[in-house]
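Hi,

Here's the structure I said I'd pass along. Have a look at it first, and then read on for my notes.

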Amino acid sequence: MRGRLGGDEGQEVSYDFPDEASARAMADRMMKTSAGITWRDLTEAVRQESIRRKAH
């Protein structure tokens, strides 16, 4: 999982988890503690980028 401290211009952080439940718990904590931040689901964008890279 990747996140960003400090909004769009902030520092990127990366986490590894032993299972999906742990990852979801961290995502929930990140969203709850990010007052005023608009969250975006990047799942499809990441998927499309992966497909694009594989094609080249």
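Let me start with a side-chain pair: Glu20 and Arg24 are joined by a polar contact of 2.6 Å. Before you go further, bear in mind that this is a predicted model, so everything below is computed from predicted atoms.

Glu20 sits in helix α1. Along the sequence it is 21 residues away from Asp41, and the C-alpha to C-alpha distance between Glu20 and Asp41 is 17 Å.

**The helix**

Helix α1 covers residues 20-32, which makes 13 residues. From first C-alpha to last it reaches 18 Å, close to the 18 Å expected at 1.5 Å a residue. At its N-terminal end there is a cap: Asp19 places a side-chain oxygen 3.3 Å from the backbone nitrogen of Ala21.

Which residues of α1 are buried? They are Ala23, Met26 and Met30. Looking down the axis of α1, these buried residues fall within an arc of 65 degrees, so they line one face of the helix. What they pack against is β1 (2-5). The other side of α1 has exposed residues, namely Glu20, Ala21, Arg24 and Lys32.

Tyr15 belongs to the loop between β2 (11-14) and α1. Leaving aside residues up to four places away in sequence, Tyr15 touches Met1, Met26 and Met30.

**Aromatics**

How many aromatic pairs does the model have? The count comes to 1. The rings involved are those of Tyr15 and Phe17, with centres 6.2 Å apart and planes at 35 degrees, so the pair is tilted. For a ring pair to be called stacked, the planes would have to be under 30 degrees apart, and for edge-to-face over 60.

Are these two residues buried, partly exposed or exposed? Tyr15 is partly exposed, with a relative accessible area of 28%, and Phe17 is partly exposed as well, at 27%. The cut-off for buried is under 20%.

That's what I have for now.

Cheers

Technical notes. Residues numbered from 1 in each chain as written. Predicted model: local features only at pLDDT ≥ 70, side-chain atom pairs only at ≥ 80, totals over all residues. Heavy atoms only, no water. Helix = DSSP H or I, 4+ residues; strand = E, 2+ residues; numbered from the N terminus. Expected span 1.5 Å × (residues − 1). Buried < 20%, exposed > 50% of the residue type's maximum accessible area, 1.4 Å probe, protein only. Arc of directions from axis to C-beta. Contact = heavy atoms within 4.5 Å. Polar contact = N/O pair within 3.5 Å; in protein donor to acceptor, adjacent residues only side chain to side chain. Phe/Tyr/Trp six-rings, centres within 6.5 Å; stacked < 30°, edge-to-face > 60°.
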